Amino acid sequence: MSRPLPSTSPHRRALAALVQWFDADHAPGGAEKIRAEPDGVEWVRCIPFLILHAGCLIVLWAGWSPVAVGTAVALYFARMFAVTGIYHRYFSHKTYRTSRAGQFLLGLWGATAVQRGALWWAYHHRNHHQHADGPDDVHSPHVHGFWWSHLGWITSRRNFPTDYSKIRDLEKFPELVWLNRFDTVVPILFATALWGAGWLLERHAPGLHTTRWQLLGWGFFVSTTCLFHGTSCINSLAHLLGRRRFPTADASRNSWILALITLGEGWHNNHHRYMHATRQGFYWWEFDPTYYGLKLLSFTGLIWDLRPVPASVLAEAAAAGRVAAPARPGGAGIESAPPSCA
Ligand SMILES: [Zn+2]
Ligand SMILES: [Zn+2]
C-alpha cells in the first residue's frame with residue numbers, strides 16, 4: 001500500500017492545482033495557510049491562463065471576417081463594462097443597488113469576462129484599496145514591479161484562494177459563492193456558445209464568410225486576452241502614468257488614455273480619493289462610459305440608487321487647484337485644471 005503524499009509534495013500540489021481548475025475553492029491545508037505562503041508562480045494552476053493566450057493563434061489559420069472581428073470588438077466592450085460596471089463598481093464597492101435576482105444576473109454577465117468569480121475579484125480589489133501601494137498590496141507596481149502588478153500576481157499560488165471572511169456581505173449569497181467556486185463554468189459555456197453561433201452562421205448565412213473557428217478565435221480568445229490586458233492596465237499603469245488631482249496616500253493617477261481603453265476606469269486617482277461614487281470621471285469632460293451605461297441601466301429598473309460624488313470631494317478638487325503633491329518620490333504629477341473645474 002502506498003504512503004500518502006505529504007501536503008507539500010510537488011505531486012500533491014500539482015494535483016490540487018489541477019482540481020482547482022474546476023473547483024476554485026479546493027484548498028488542501030486551508031486557504032489561510034496558502035495565503036500565508038511567499039509569492040511563487042503555480043505553473044499547473046496557470047495553464048488555463050496560458051491556453052487563453054495561446055488560443056489567439058487560432059486566428060492564424062482560421063482567418064478573419066468582418067463579423068468575427070466585429071464580434072471581438074463588441075464583446076471586448078460589453079465585457080469591459082461587466083468588469084468595470086459590475087465586478088468593480090457593484091461587487092467591490094457597492095456604488096449602486098439591485099435586487100438579489102439582479103445581482104445574480106450581473107454576476108453571470110461579469111463571469112463572461114473570464115476574470116474568475118465576482119467574490120475573488122472583489123476580495124482582491126478591496127484588499128488593494130486597503131493597502132494601496134503598501135507592502136500588502138499584491139499588485140502594486142511600486143512594490144512588486146510592473147510585470148508582477150500587471151499579470152504576475154495572478155499566477156502566484158497565494159493569490160488563488162478567495163478569502164470569504166473579508167467579503168461577508170457577498171458570502172451570504174450561495175448562488176454567488178457557487179459562481180465563484182466553479183468559475184470556469186460560465187466561460188466554458190460562453191466559448192461554446194460562440195463556437196455554436198459561428199457554426200450556425202457558417203451553415204445558414206454563408207454570405208457572411210465567417211466560421212465557427214473564427215468566432216471562437218476572435219470572439220473568445222482574442223477578445224478575452226485583450227480584455228485581460230486592458231483591465232490589468234489599471235493595476236499596473238494607472239499607478240504609474242497620468243496626473244494626480246488628489247494627494248492620496250497611494251500613487252494612483254488619472255489618465256484619459258486608460259479611461260478610453262477601460263471605459264472610464266482611467267480616472268483612478270479620483271477613484272482612490274472616493275471609491276464609493278458610481279462615477280469615476282468626476283466632471284463631464286472626464287469620459288466615463290461605464291457610468292453612462294449604468295445610468296441607462298438604472299432607467300430599466302435593474303439597478304438603482306447610484307451614489308454621487310459628494311460636494312465636499314468636489315470642493316476639495318477645486319481647492320487643490322492645479323497642483324497636487326505626489327504621494328511617492330519620483331512620481332510628481334501636475335493636474336491641469338480644465339476651464340470650469342471650480
Ligand atoms: Zn488602484
Ligand atoms: Zn476600486
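This note goes through the helix packing, the nonpolar cores and a few loop residues of the structure above.

1. Ground rules first. This is a predicted model, in which local features need pLDDT of at least 70, side-chain atom pairs count only at pLDDT 80 or more, and totals for chains, interfaces and linings use all residues. Residues are numbered from 1 along each chain as its sequence is written, while chains are lettered from A and ligands numbered from 1 in the order in which they are written.

2. A nonpolar core here is a set of buried Ala, Val, Leu, Ile, Met, Phe, Trp, Tyr and Cys residues joined through C-beta atoms within 7 Å. A residue is buried if 20 or more other C-beta atoms lie within 10 Å of its own, exposed if 12 or fewer and partly exposed in between, with C-beta atoms placed from the backbone. The largest core has 39 residues, of which Tyr-87, Phe-91, Ala-118, Leu-119 and Ala-122 touch the most other members. At least two residues each come from helix 5 (66–92), helix 6 (100–111), helix 7, helix 11, helix 12 and helix 13. Helix 5 gives the most, with 13 residues. Helices and strands are DSSP runs numbered from the N terminus (H or I, at least four residues, for helices; E, at least two, for strands).

3. Ala-122 deserves a look of its own. Leaving aside residues up to four places away in sequence, Ala-122 touches Tyr-87, Phe-91, Ser-92, Ile-167 and Leu-170. Contact means that the C-beta atoms of two residues, placed from the backbone, lie within 7 Å. There is also a second, separate core of 10 residues, which includes Ile-234, Ala-259, Phe-282 and Ala-317.

4. Now to helix 5 and helix 6. Their axes are 9 Å apart and the helices pack at an angle of about 130°, which makes helix 5 oblique to helix 6. Axes are lines fitted to C-alpha atoms, for helices over the stretch in contact, and angles run from 0 to 180 degrees between N-to-C directions. Angles under 35 degrees count as roughly parallel, over 145 as roughly antiparallel, 65 to 115 as roughly perpendicular and the rest as oblique. On the helix 5 side, Ala-82, Val-83, Ile-86, Tyr-87 and Tyr-90 meet Leu-106, Trp-109 and Gly-110 of helix 6. By class, that contact has seven nonpolar residues, one polar and no charged. The classes are nonpolar (Ala, Val, Leu, Ile, Met, Phe, Trp, Tyr, Cys and Pro), charged (Asp, Glu, Lys and Arg) and polar (the others, Gly among them).

5. Helix 7 (residues 118–131) and helix 11 (residues 174–181) cross at roughly 90°, and their axes come within 7 Å. The two are therefore roughly perpendicular to each other. Ala-118, Leu-119 and Trp-120 of helix 7 meet Leu-176, Val-177, Leu-179 and Asn-180 of helix 11. The residues of this contact divide into six nonpolar, one polar and no charged.

6. Helix 12 (residues 185–204) packs on helix 13 (residues 212–235) at an angle of about 140°, with axes 7 Å apart; the pair is therefore oblique. Helix 12 contributes Ala-191, Leu-194, Trp-195, Ala-197, Gly-198, Trp-199 and Glu-202, and helix 13 contributes Arg-212, Gln-214, Leu-215, Leu-216, Gly-219 and Phe-220. This contact has eight nonpolar, three polar and two charged residues.

7. Two backbone angles are worth checking. Most residues other than glycine have a negative phi. Lys-94, however, has a positive phi near 50°. Lys-94 is found in the loop between helix 5 and strand 1 (97–98) and is partly exposed, with 15 other C-beta atoms within 10 Å. Asp-133 also has a positive phi, near 60°. Asp-133 is placed in the loop between helix 7 and helix 8 (141–144) and counts as buried, with 21 C-beta neighbours inside 10 Å.

8. Asn-159 lies between helix 9 (146–150) and helix 10 (168–171) and is partly exposed, with 19 other C-beta atoms within 10 Å. Beyond residues up to four places away in sequence, Asn-159 touches His-124, Val-138, Trp-153 and Ile-154. Ala-249, in the loop between helix 13 and helix 14 (256–261), is exposed, with 11 other C-beta atoms within 10 Å. The C-alpha atoms of Ala-249 and His-131 are separated by 9.7 Å, although the two are 118 residues apart along the chain.
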